Protein chains: 2
Amino acid sequence: MDILYLILVLLVITRVFAELAERIRVPAIVGELVAGVALGLFLKTFQGNLPVLWSATQSETYTSIVSLGMFFLMLLAGIRMEPFDFARTSKSAILVAIGGMAVPVGAGLLLGTLVLPESPLKLVQSLFLGVALAITAVPVAVRIFLDVGELDTSVGKTVIAAALWDDLISLFLLAVLIAAMASGGIESFAVKDALPLLAKVVFFFAVTIPVGLLVFPLVGRYFRYLRFPEVDFSMLLIAALAYATFAERMDMHFIVGAFLAGMFFHPGVVPPKVYERVERQMSGITRGFLAPIFFVSVGLHLDFSAVAAVPAFLGLLILVAFLSKVVGAGLPAYWVGLSKPEAIMVGIGMSGRGAVELIVAGVALEAGLFLQPSPPPPIVASLYSSIVIMALVTTVLTPLLLRRLISKRAP
Amino acid sequence: MDILYLILVLLVITRVFAELAERIRVPAIVGELVAGVALGLFLKTFQGNLPVLWSATQSETYTSIVSLGMFFLMLLAGIRMEPFDFARTSKSAILVAIGGMAVPVGAGLLLGTLVLPESPLKLVQSLFLGVALAITAVPVAVRIFLDVGELDTSVGKTVIAAALWDDLISLFLLAVLIAAMASGGIESFAVKDALPLLAKVVFFFAVTIPVGLLVFPLVGRYFRYLRFPEVDFSMLLIAALAYATFAERMDMHFIVGAFLAGMFFHPGVVPPKVYERVERQMSGITRGFLAPIFFVSVGLHLDFSAVAAVPAFLGLLILVAFLSKVVGAGLPAYWVGLSKPEAIMVGIGMSGRGAVELIVAGVALEAGLFLQPSPPPPIVASLYSSIVIMALVTTVLTPLLLRRLISKRAP
């Protein structure tokens with residue numbers, strides 16, 4: 001079991017970086033993410049010097065633990081969102097959500113159309129760029145606003161509510177893209193092929209959303225009469241596995257199901273104490289065990305030489321990542337009455353992409369989205385790595401910029 | 001990810017059986033264990049009718065999740081033992097522990113010597129039979145005594161303390177056996193080969209026990225100043241991974257390290273609240289996720305046809321399993337002053353073998369202990385399955401017999 005040794009090394013290093021991050025008042029997840037990816041890159045570069053660790057990362061076992069990590073990361077991300085917030089979303093938050101969704105998707109689509117080479121997958125690739133730009137890492141934003149006591153202000157509430165919507169819609173779009181890829185394959189893709197798949201995706205949501213809204217609270221009310229140990233943890237896991245399996249049967253990636261199941265598990269479904277305990281258990285497995293392993297796998301797929309070939313594209317992508325959120329989310333915020341600095345804070349607050357982006361990029365990579373035209377020219381070959389670097393840069397800069405904006409505003 | 005589908009099915013079925021077990025006042029673990037093993041056997045028998053589930057059990061991914069399950073099961077078993085109980089062990093408990101250890105080991109050794117065919121591994125196989133008979137499932141005994149309010153009586157305390165010692169010593173013996181196997185191989189095994197390995201095993205315990213006693217409380221005092229999330233969960237996992245990796249480097253199985261690390265994690269090392277929370281998180285992963293998967297893997301290796309060839313041996317093994325504990329542990333208990341029914345309760349209370357036995361048998365199977373002489377005659381070929389069935393029977397019967405004894409005694 002060299003994998004145990006690998007996990008030991010990974011955990012120690014990512015924990016050290018998480019601690020360092022917290023010491024400089026940056027959320028630990030940022031430290032874990034950067035350390036994990038850097039470690040993966042390091043292992044790949046010095047594989048000859050670290051044969052035991054390297055070979056452990058090349059095993060099927062490692063790959064499956066990474067998949068489990070994705071499953072639990074998405075489940076945890078879902079758990080930490082509360083759909084009841086959706087119902088309570090203010091009108092201004094909806095406008096911010098629409099802008100924060102439409103502008104990045106549009107910007108990604110435009111960027112892709114302009115710079116990507118012609119191929120059967122060009123449209124899907126461009127759409128994917130849009131989806132990748134639309135994602136917002138809620139936990140990082142929540143942590144920052146919580147730290148500075150701004151979570152209950154109009155800025156904080158708007159960012160969180162809008163971010164929830166944007167992530168949900170992004171995942172819906174991703175589901176459609178992956179379903180389309182799964183059927184059309186990477187060789188041929190036509191819009192008309194997407195229609196039966198769109199039907200599958202709609203069917204999936206049409207089943208899982210009512211079940212989540214109606215059946216989850218029902219089960220939550222009665223499962224307390226069951227007596228076996230870890231009943232609440234097991235029930236949530238069973239629900240998440242069922243949703244994930246159903247998503248796969250509908251040609252979607254299992255992460256969509258895991259996320260959705262987590263979303264419908266909230267303090268309204270089970271007593272707050274149970275919610276807290278299960279959230280804690282999931283957080284332990286995920287943050288304390290599986291997430292670092294997933295982050296390292298991202299670094300293993302990172303290809304700096306490909307990125308070095310297209311520095312201008314990478315710079316543009318990062319710029320668009322910030323601008324599309326600042327314009328798309330900030331402008332509506334300004335229109336509905338926030339001050340200019342507050343509107344910019346909304347835009348910056350929604351710019352971090354976090355772990356969900358890494359998962360989404362990995363899903364696209366695995367689906368073969370970056371293999372066309374064949375052989376892929378540098379810009380396509382670097383697409384995965386560019387998106388990962390964009391995710392890292394936005395995740396690291398968001399808390400730093402946000403703190404600066406807040407301290408500037410407060411005299 | 002057919003594995004998600006497999007896990008879903010396993011979790012649902014084992015949870016149903018855990019619930020049924022609790023309803024008939026048998027500890028849930030007994031239901032999970034029986035259901036898991038039965039399910040594995042069912043899958044193996046009807047593999048043609050369940051191709052998706054069956055192929056998922058044949059993947060490397062499944063095997064690695066099973067290993068993770070063993071790791072967490074042993075870690076959890078260790079966490080639930082508190083070494084401070086060792087220091088407080090009464091003299092009578094020590095006598096019961098010695099008898100409850102020596103008689104089963106002796107009986108196993110004798111049984112092996114009498115019935116097993118000559119081979120280079122015969123001595124190791126016989127010793128292993130002894131170790132397998134010496135193991136006592138603490139959680140099942142604890143649950144029963146807790147249920148009937150007998151945990152704080154002299155019977156309850158004696159059983160728990162003696163069981164702790166017996167499991168620790170059994171694992172030490174297993175460590176020596178596996179180390180011997182790892183070096184000598186299954187072809188040739190000589191006692192003199194075992195000496196340098198014994199040195200390794202002793203070295204392992206000589207390092208890990210002082211570290212556990214001295215360094216764990218030190219870390220427990222200061223880790224609270226660390227700020228990264230899930231710090232307590234991560235610290236324990238890192239310790240367990242370090243111990244497990246160290247155990248492997250010393251030619252032992254990683255379960256020995258996991259168990260030992262868990263044993264040194266107790267409410268004296270960290271605040272009781274932290275202990276409870278981490279225990280809860282570990283229990284969630286293990287009972288609510290990984291343990292059922294491990295139990296199924298036991299059923300997949302079960303071979304009823306082999307057992308059917310040697311029904312007398314199986315019957316004898318089960319009889320010896322009960323008798324050796326009733327005599328070995330019950331007689332000293334009677335000598336030190338317990339009444340005759342109480343002494344029998346001590347012996348029966350220590351007869352359940354539980355999940356640890358399944359892990360130990362699996363380790364021996366994996367190490368190739370049952371491959372000599374080659375080809376193995378029925379009695380050797382059935383050894384793994386016989387031990388598994390013995391573990392199941394003792395685990396199921398112990399709570400039932402114990403309840404009957406208790407209700408008989410109370411007028």
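The secondary structure of chain A in this predicted model consists of 19 helices and zero strands, where helices (H or I, at least four residues) and strands (E, at least two) are DSSP runs numbered from the N terminus. With a radius of gyration of 21 Å, close to the 22 Å that the globule rule gives for 411 residues, chain A is as compact as a globular protein of that length; the radius is taken over C-alpha atoms, and the rule is 2.2 Å times the number of residues to the power 0.38. Along the principal axes, the C-alpha atoms of chain A fill a box of roughly 55 × 55 × 50 Å. Residues are numbered from 1 along each chain as its sequence is written, and chains are lettered from A and ligands numbered from 1 in the order in which they are written. Local features need pLDDT of at least 70 and side-chain atom pairs count only at pLDDT 80 or more, whereas totals for chains, interfaces and linings use all residues.

At the interface, 41 residues of chain B are in contact with 41 residues of chain A (C-beta atoms, placed from the backbone, within 7 Å). On the side of chain B that touches chain A, helices H1 (2-23), H4 (60-79), H11 (231-249) and H13 (272-301) each supply at least two residues. The largest share, 11 residues, comes from H1(B). This side of chain B comprises 22 nonpolar, nine polar and 10 charged residues; Ala, Val, Leu, Ile, Met, Phe, Trp, Tyr, Cys and Pro count as nonpolar, Asp, Glu, Lys and Arg as charged, and the others, Gly among them, as polar.

H13(A) (residues 272-301) packs against H13(B) at about 75°, with the axes 9 Å apart; axes are lines fitted to C-alpha atoms, for helices over the stretch in contact, and angles run from 0 to 180 degrees between N-to-C directions. The two helices H13(A) and H13(B) are therefore roughly perpendicular (65 to 115 degrees; under 35 is roughly parallel, over 145 roughly antiparallel and the rest oblique).

Within chain B, the axes of H6 (residues 91-115) and H15 (residues 311-335) come within 7 Å and cross at roughly 155°. H6(B) and H15(B) are thus roughly antiparallel.

Notes
Two residues are in contact if their C-beta atoms, placed from the backbone, lie within 7 Å.
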